[in-house]
Amino acid sequence: MQIKLVPAIKGLITAVIMIAVFLGIYYSGKDADARLQYLVYILYAIGITWTVVAYRQSAGFTGKFGDMFSQGFKCFIVVTLIVVLFYGVFNYQHPEFRDEAAVAYKEQLEKQKDKLPPDIESEVATYKKQYTLRLVSTAIFGYLIIGAGVTAVLSALLTRRK
């Protein structure tokens, strides 16, 4: 039996590869600097490209932007859901990330010299409580924007060139 690779399955495959790369970077001991994070975004764009190009080459291709965007959407929404869930669980299991970020945030507040120490402590405590929620919210927004942008650009380019 052969599995039909619908956009949601391609999204699942893409998300698993992205998570594997993220974990590979994390467990290799390298700092997760921006350059390595770009690799995850590139894989995300490749997964969306794979979905949109495969649809364009299929018999069901209508030549309409909306239909092509819909295929990319089905892929990137699955990736977003899975990766964001992973980020939430991963960061929940690693409270040291929250603590390190809180220390940096406290140092930043102390350098500003416009708050009293009790206010700084209160803000840092709030920051620590909201750390995972903020991280997940930012990831949701970021992945949706990137996915929609890549899908829209690809759909526009590929519907014009038939």
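Modeller: Helix H2 gives the most to the lining of the second largest pocket, with 3 residues. Helices (H or I, at least four residues) and strands (E, at least two) are DSSP runs numbered from the N terminus. A pocket is an open set of points on a 1 Å grid over the protein atoms alone, where a 1.4 Å probe fits, with protein on both sides within 12 Å along at least five of seven lines; lining residues have an atom within 4 Å of a point. This is a predicted model, in which local features need pLDDT of at least 70 and side-chain atom pairs count only at pLDDT 80 or more, while totals for chains, interfaces and linings use all residues. Residues are numbered from 1 along each chain as its sequence is written, and side-chain values use heavy atoms, with hydrogens and water left out.

Colleague: Which residues line the second largest pocket?

Modeller: The lining consists of Lys 4, Leu 5, Val 6, Pro 7, Lys 10, Thr 51, Ala 54, Tyr 55, Ser 58 and Gln 71. Helix H1 (7-27) and helix H2 (34-56) are the elements that give two or more residues to this lining.

Colleague: How should I read a nonpolar core, and which members of the largest nonpolar core touch the most other members?

Modeller: In soluble globular proteins, nonpolar side chains tend to be buried together. A nonpolar core is a set of buried Ala, Val, Leu, Ile, Met, Phe, Trp, Tyr and Cys residues joined through side-chain atoms within 4.5 Å. Here the largest nonpolar core has 34 residues, of which Met 18, Tyr 44, Ile 48, Val 79, Val 83, Tyr 87 and Tyr 143 touch the most other members. Two or more residues of this core come from each of H1, H2, helix H3 (65-93), helix H4 (95-112) and helix H5 (117-160).

Colleague: Which residues does Val 83 touch, not counting residues up to four places away in sequence?

Modeller: Contact means heavy atoms within 4.5 Å. With those neighbours set aside, Val 83 touches Ala 15, Met 18, Ile 19 and Tyr 143.

Colleague: Why does Ile 25 count as buried?

Modeller: Buried means under 20% relative accessible area, exposed over 50%, and partly exposed in between (1.4 Å probe, protein chains only). Ile 25 counts as buried because its relative accessibility is 12%. Ile 25 has its place in helix H1. From Ile 25 to Gln 37 there are 12 residues in sequence and 9.0 Å in space, C-alpha to C-alpha.

Colleague: Is Thr 80 buried or exposed?

Modeller: Thr 80 is buried, because its relative accessible area is 4%. Thr 80 has its place in helix H3. Its side chain makes a polar contact with the side chain of Tyr 44 (3.3 Å) and reaches the backbone oxygen of Phe 76 at 2.8 Å. A polar contact is a pair of N or O atoms within 3.5 Å; within protein, one must be able to donate a hydrogen and the other to accept it, and residues adjacent in sequence count only if both atoms are side-chain atoms. Apart from its neighbours within four places in sequence, Thr 80 is in contact with Tyr 44, Ile 140, Tyr 143 and Leu 144.

Colleague: What is the relative accessible area of Met 68?

Modeller: The value for Met 68 is 0%, so Met 68 is buried. Met 68 lies in helix H3. Leaving aside neighbours within four places in sequence, its contacts are Val 52, Tyr 55, Arg 56, Phe 61, Leu 154, Ser 155, Leu 158 and Thr 159. Met 68 and Leu 43 are 25 residues apart in sequence, and their C-alpha atoms are 20 Å apart.

Colleague: Where is Phe 65 found, and what does Phe 65 touch?

Modeller: Phe 65 is found in helix H3. Phe 65 counts as partly exposed because its relative accessibility is 37%. Not counting residues up to four places away in sequence, Phe 65 touches Ala 152, Ser 155, Ala 156 and Thr 159.
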